[in-house]
Amino acid sequence: MRTFVTGSIAYDYIMVFPGKFREHILPEKMHVLSVSFLVDSLKRQRGGTGANIAYNLALLGNRPMLVGAVGEDFGEYHKWLEQHGVDLSGVKTHSGEFTSSCFINNDLQDNQITAFYPGAMVHAAAVSPIEFGASDRDLVVIAPNDPKAMARYAAECTERGIPYLYDPSMQIPRMSKEEFEEGCKGAKVLIGNDYEFGMMAEKLGVAEQELHQRVPITVVTKGEAGATIVADGQSFDIPPAKPNQVVDPTGAGDAFRAGLITGMARGLSWPTAGRIAALTAVHAVEHMGPQEHSYSIAEFVERYRANYGASDEVETLLK
């Protein structure tokens, strides 16, 4: 199974506010909200949901193809991903445009306030995994991206019977009920965090339980509480892995998705695939930035054993 990853490709500008947002927001003044946070640090990192997922897939020994649009400032980022094993054949550069930029402000409780400038991402709909041979034997990842691109990929995959993982997450507020229903129609996997699943159910006007019945496989991530996978009529609770330290939550969800896809690609059981995903996410939160972590497959397997015990399935990652 080949994996084609679509989604934003961006530079992340990560800031840290040395306090708690909630202490500076007055509920009775929300209608005239005007808040400024003086931050202690600012760092530019390589990011974007699509690129983060592809990077983590490559760390786990996969050779994903990233499909998307970038600006003329992408040169250094291109070299980075290429050096780490990501196939960039599907990435198109647009002159006169900047690569997407995400401005993320974290507080000391790991809450985030984010602003996103799309830049070249507005051209993402002009390129598609279909152009590069995606077939019904492969998996397409539809992660947050330009809305027109997400709609195109879902429609093409549904029409051709190509399995896809649907991850609308931060684009849910912009979608209409009809757009979200179309995105789910042919999805093999629907994934989001527990808050996003609540938003998705509300968007459709259904209970969350019904949402789990609309897509063959659903995955709800719950941060430090682990995750739940509903598949084949069964529900699997995935325990979290233990971080050595929590530095930055940015990119943890993208790393989780890469771990899950790795398990799927190898035909592993859902409990094992979920644990691989949880451990992949932990590596991300231990570093400032979504692509600052790295490890060998041997190191990953050893840490899996330390968290979850020995597993014949996980040992296959070494082969």
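In which loop does Asp232 lie? In this predicted model, Asp232 sits in the loop between β12 (227–231) and β13 (234–238). Its backbone deserves a look: Asp232 has a positive phi of about 55° although it is not a glycine. For context, most residues other than glycine have a negative phi.

Ser169 also has a positive phi, near 20°, and is not a glycine. You will find Ser169 in the loop between β9 (164–166) and α4 (177–185). As for burial, Ser169 is buried because its relative accessible area of 9% falls under 20%. Asp232 counts as exposed, since its 65% is over 50%.

| Residue | Relative accessible area | Class |
|---|---|---|
| Ser169 | 9% | buried |
| Met30 | 46% | partly exposed |
| Asp232 | 65% | exposed |

Met30 belongs to the loop between β2 (10–16) and β3 (41–47). Together with Leu33 and Val35, Met30 makes a nonpolar surface patch of about 260 Å².

Two elements, α3 (147–160) and α4, each give two or more residues to its lining. The largest share, five residues, comes from α3. Among the lining residues are Pro147, Met150, Tyr166, Gln171, Arg174 and Glu179. By class, the lining of this pocket holds seven nonpolar, two polar and three charged residues.

Notes:
Residues numbered from 1 in each chain as written. Predicted model: local features only at pLDDT ≥ 70, side-chain atom pairs only at ≥ 80, totals over all residues. Heavy atoms only, no water. Patch = residues over 30% accessible without salt bridge, like charges linked within 9 Å, V, L, I, M, F, W, Y side chains within 5 Å. Areas by Shrake-Rupley, 256 points an atom, 1.4 Å probe, with all protein chains shown as cover. Salt bridge = Lys/Arg side-chain N within 4 Å of Asp/Glu carboxyl O. Helix = DSSP H or I, 4+ residues; strand = E, 2+ residues; numbered from the N terminus. Buried < 20%, exposed > 50% of the residue type's maximum accessible area, 1.4 Å probe, protein only. 1 Å grid on protein atoms, 1.4 Å probe; cavity = no way out; pocket = protein on both sides within 12 Å on 5 of 7 lines; lining within 4 Å. Nonpolar A, V, L, I, M, F, W, Y, C, P; charged D, E, K, R; others polar.
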